[in-house]
Amino acid sequence: MINKLEWDSKFFNKNIANLDITSLKINFDKVENFVKNNKIDIIQTLAPSNKINLINDLENHFFKMEESVVTFTKKITKINYKNDENIKIANIEHLDYMKKYLNGIFKESRYKRIVSKELIDSFYYTWLKKAILGKFDDICFIYELDNLPIAFITLKINNKKANIGLIAVSPNFQGKGIGYKLIQHSERFLLQKGVEIFNVRTQGSNILAQNFYIKNSFFIDSLKFWFYKVY
Ligand SMILES: CC(C)(COP(=O)(O)OP(=O)(O)OC[C@H]1O[C@@H](n2cnc3c(N)ncnc32)[C@H](O)[C@@H]1OP(=O)(O)O)[C@@H](O)C(=O)NCCC(=O)NCCS
């Protein structure tokens, strides 16, 4: 039910635990014992928006809402899309340039009240680097302009489903249809891999991103809330 997140704890230099609330009743005594025994600094838990009693229980035990999470989904259908020569698979040499616009681009991170901006940037940099190496996400596509990778998308495939890990377009080039092209390219790639369902999660406060997904024919699948208790 509650477990320490070893990787996150090491990365953020705080003892972070995740409380999995699949059951309808939380044993808060057990939770507090775990906190004491493992010197936990932060507990995080993701609560479905319709589980009001559970949410009230969390609030009564001093958990605070950090962010909402909207999951978008779509069924990938055959698309008539011509190969875009500007889109390529990223390699590690692209990372230096991408770092320039990566810093601060994911403004709505749920970690923003808990750790420094620099650490959040470093978290996304690590995520992107791993995606390029195929270590956490499976692949990263870039959009190149004058040989510079001005946008990227990372994908994780799980049988017939795939998730967008990260997607970003350098600020000077946003709103020009580059994100759309990356989505189209990804769908074509995923279709060839036998993937049928395409999902993406975004922070509820990231309204621009949500409108972007809606424009790309995704629809809302679920709404959840991140609750945190900081000791
Ligand atoms: C979200 C993002 C990837 C969209 O890519 P994009 O190339 O800017 O989007 P497109 O040009 O293909 O599509 C434009 C549509 O996306 C939405 N949009 C999202 N962010 C936008 C932005 N900064 N500027 C303009 N439109 C934006 C709008 O709905 C817009 O439609 P409209 O012109 O009818 O209003 C990009 O803006 C971005 O990198 N944002 C910051 C990082 C981020 O939030 N990533 C998503 C995290 S889950």
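S217 sits in the loop that links α7 to β10 (219–230), where helices (H or I, at least four residues) and strands (E, at least two) are DSSP runs numbered from the N terminus. Residues are numbered from 1 along each chain as its sequence is written. The model is predicted, and local features need pLDDT of at least 70, side-chain atom pairs count only at pLDDT 80 or more, and totals for chains, interfaces and linings use all residues.

**Domains**

- The domain assignment divides the protein into domain 1 (2–62) and domain 2 (74–221), with bounds that come from an automatic or database domain assignment.
- Taken over C-alpha atoms, the centres of domain 1 and domain 2 are separated by 29 Å.

**Loop residues**

- S217 has a positive phi of about 70 degrees although it is not a glycine, and S217 counts as partly exposed because it has 14 C-beta neighbours inside 10 Å.
- The burial terms rest on C-beta atoms placed from the backbone: a residue is buried if 20 or more other C-beta atoms lie within 10 Å of its own, exposed if 12 or fewer, and partly exposed in between.
- N159, in the loop between β7 (148–158) and β8, also is not a glycine and has a positive phi of about 55 degrees.
- N159 is exposed, because 10 other C-beta atoms lie within 10 Å.
- F62 belongs to the loop between α3 (52–60) and β4 (64–75), and F62 is exposed because 10 other C-beta atoms lie within 10 Å.
- Although F62 and N91 are 29 residues apart along the chain, 44 Å separate their C-alpha atoms.

**The shell around the ligand**

- The ligand is surrounded by 19 residues, of which the closest are Q174, G175, G179, Y180 and N211; a residue is near a molecule or strand if its C-beta atom, placed from the backbone, lies within 6 Å of it.
- Two or more residues of this shell come from each of β8 (161–169), α6 (178–192) and α7 (207–215), and α7 gives the largest share, five residues.
- By type, the shell has 10 nonpolar, seven polar and two charged residues, where Ala, Val, Leu, Ile, Met, Phe, Trp, Tyr, Cys and Pro count as nonpolar, Asp, Glu, Lys and Arg as charged, and the others, Gly among them, as polar.

**Strands around β6**

- Strand β6 (residues 139–145) is largely enclosed by the rest of the structure, because five of its seven residues are buried.
- Strand β5 (residues 87–89) pairs with β6 in the antiparallel sense over three bridges, and two strands pair if DSSP finds at least two bridges between them.
- On the other pairing, β6 and β7 run antiparallel and are joined by seven bridges.
- Y143 in β6 is the bridge partner of I87, and Y143 also stands opposite A151 in β7.
- The hairpin formed by β6 and β7 has two residues between the strands, and D146 in the turn has a positive phi of about 50 degrees.

**Nonpolar cores**

- The largest nonpolar core has 32 residues, and C140, F141, I142, A151, F152, I153 and L182 have the most contacts inside it; such a core is a set of buried Ala, Val, Leu, Ile, Met, Phe, Trp, Tyr and Cys residues joined through C-beta atoms within 7 Å.
- Leaving aside neighbours within four places in sequence, L182 is in contact with I87, F141, Y143, A151, I153 and I167, contact being a distance within 7 Å between C-beta atoms placed from the backbone.
- A second, separate core of 13 residues includes F12, I16, I40 and I42.

Conventions
Two residues are in contact if their C-beta atoms, placed from the backbone, lie within 7 Å.
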